[in-house]
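This report goes through selected parts of one protein chain. The sequence and structure come first, and the notes follow.

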Amino acid sequence: MDFYSMTLPALEEHFTRQGDNKAKAKKLYKAIYRSSQAVEDISDLSDKTKRSILDSFTFDLPKQIALQDDGETAKALLEFPDSSRVETVLMRHDYGSGLCVSTQVGCSMGCAFCQSGKLKKHRNLTAGEMIAQVLFMQQYSDIKHISIMGIGEPLDNFDNLKAFIEILSSPYGLAFGGRSITLSTCGIVSQINRLTEIDCAFNLAVSLHAPTNELRSQLMPINKRYNITDLISAVKNYSENTSRRIAFEYILLDGINDSMEQAVQLADFLKDLNCYVNLIPYNATDSGQFKRSCNADLFFDTLKKQGINVIFRREFGGSIKAACGQLSAEYD
C-alpha cells in the first residue's frame, strides 16, 4: 500500500487490524510528515513495528523526468510507476513558496484556452500521488501555500481530493491550515455541493471567464451541464457555510470577453456575493486561438466602478510554460 494515500483514521484502522495500538499511527504520521524521518530512524517505535510498517507500505516519491527553473518559478515533470506523468509548479515568494498541484493525468474538461484541456484524461491521481508532489517539491523550497489548480479538474476526482486535503491539513500530517489551501474548479456543481463533507474550510476559486451562458459554453463545455446561475448558487452556499470569500478567476481574452459591457454584466451577477475577481492575463498555448487582452486596465476599472473587489493575478512561469493554462505534461 502507498503510505501517502493513507488518511490518519485509515492508518489507525490498519494498526488496529494488526492487533496493535492505534496510537502508533499518530507517531508514524508525525515522524514522516512533521520530521521527515525514515521509518528505520523513528526511535519511539519498536523494531518489530518498523518491520511491519515497511512490509505493509511503500514510501516512494515520483521520478523526476525534467525540471525547469527560472529562479522565480520551478516546474517539475514527474513520472509515477505506471509511466503516467504530470507537471507541478513551485512559485517562490519572499514569505515562502506556493505549490500548484495536479490532480489528474490529463483533463476531460476541454476548456478552449487551456493547454491541459487539449490532453485526454488518462486517469485520476491518488491522494498519495498528490501528496508526493508536495513532498518532492519541499526539497526546493519552504512551501507555505497549496493551490490545487494544476493539470486536471479536482472535483472530477472528489474522493481522492478529499483524502488529499485531509492528509494535507491534518495537524499530525503536513499541517496546512485551510487559509493556506486553495482549490480551483471549472464548476462541477454537484461536487461543489459536497465540499462541506471535507473537514477543512479552504479557499475556493471558480474558473468563470465569461459573463453569459452563451459565451461561457463556447469557452468551457462544462457550462452546458452546469450553467452560471446554478454555479453561483452552489458557490454562494459554500461561502455561507464556511465564511470563506470566493475568488472568481477570469482570463482576459482579446475581443472575446474583455469589453466594458461584459465587465458590467459580470459585476451585475456578482454584486451580492462575498467574492472578488482575479483577472488573469492570457498565457499563450500551442493553439494560437486567443490573444492577450488590450483592454485589461479598462475592464479592471469598470469592475471597480461597479463596486466589485478585483485584482490582477501576479504572473509566474511564463518563460518556462508554467503559467496559468500552460501545463500539459508533454515532453519530448
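## Terms and model confidence

Helices (H or I, at least four residues) and strands (E, at least two) are DSSP runs, numbered from the N terminus. The model is predicted. The protein chain has a mean pLDDT of 91, with 93% of its residues at 70 or more.

Residues 316–323 have a pLDDT below 50. This stretch still has 29 contacts in the model beyond near neighbours in sequence. Where pLDDT is low, the predicted coordinates should not be read in detail.

A210 is located in the loop between β9 and α7 (213–219). Buried means under 20% relative accessible area, and A210, at 0% relative accessibility, therefore counts as buried. Leaving out residues up to four places away in sequence, A210 touches L215, R216, L219, I228, Y250 and F269. A210 and E249 are 39 residues apart along the chain, and their C-alpha atoms are separated by 9.8 Å.

Strand β9 itself covers residues 203–207 and contains N203. N203 counts as buried because its relative accessibility is 18%. With residues up to four places away in sequence again left out, the residues touched by N203 are H145, G178, R179, I181, T182, L183 and R244.

## Helix α1

In helix α1 (residues 8–17), the buried residues are L8, L11, E12, H14 and F15. Seen down the axis of α1, these residues fall within an arc of 155°, so they line one face of the helix. Their cover includes α2 (23–34) and α3 (47–56).

After α1 comes G19. The phi of G19 is positive, near 75°.

## Helix α4

Helix α4 is mostly covered, with 11 of its 11 residues buried. The buried residues of α4 are A127, G128, E129, M130, I131, A132, Q133, V134, L135, F136 and M137.

F136 belongs to helix α4, which spans residues 127–137. At 6% relative accessibility, F136 falls under the 20% cut-off and so counts as buried. Apart from residues up to four places away in sequence, F136 touches L61, P62, Q64, A76 and L78. One of these contacts, L78, is 58 residues from F136 in sequence, and the C-alpha to C-alpha distance between the two is 9.2 Å.

## The pairing of α9 and α10

Helix α9 (residues 260–270) and helix α10 (residues 296–305) have axes that come within 9 Å and cross at roughly 35°. This crossing is right-handed.

On the α9 side, the contact is made by M260, Q262, A263, V264, L266 and A267. On the α10 side, L298, F299, T302 and L303 take part. By class, the contact has eight nonpolar residues, two polar residues and no charged residues.

Terms used. Residues are numbered from 1 along each chain as its sequence is written. This is a predicted model: local features need pLDDT of at least 70, side-chain atom pairs count only at pLDDT 80 or more; totals for chains, interfaces and linings use all residues. Side-chain values use heavy atoms; hydrogens and water are left out. Axes are lines fitted to C-alpha atoms, for helices over the stretch in contact, and angles run from 0 to 180 degrees between N-to-C directions. A crossing is left-handed if the near helix is turned anticlockwise from the far one by less than a right angle, and right-handed if clockwise. Contact means heavy atoms within 4.5 Å. Ala, Val, Leu, Ile, Met, Phe, Trp, Tyr, Cys and Pro count as nonpolar, Asp, Glu, Lys and Arg as charged, and the others, Gly among them, as polar. pLDDT is the predictor's confidence in each residue, from 0 to 100. Buried means under 20% relative accessible area, exposed over 50%, partly exposed in between (1.4 Å probe, protein chains only). The arc is that of the directions from the helix axis to the C-beta atoms.
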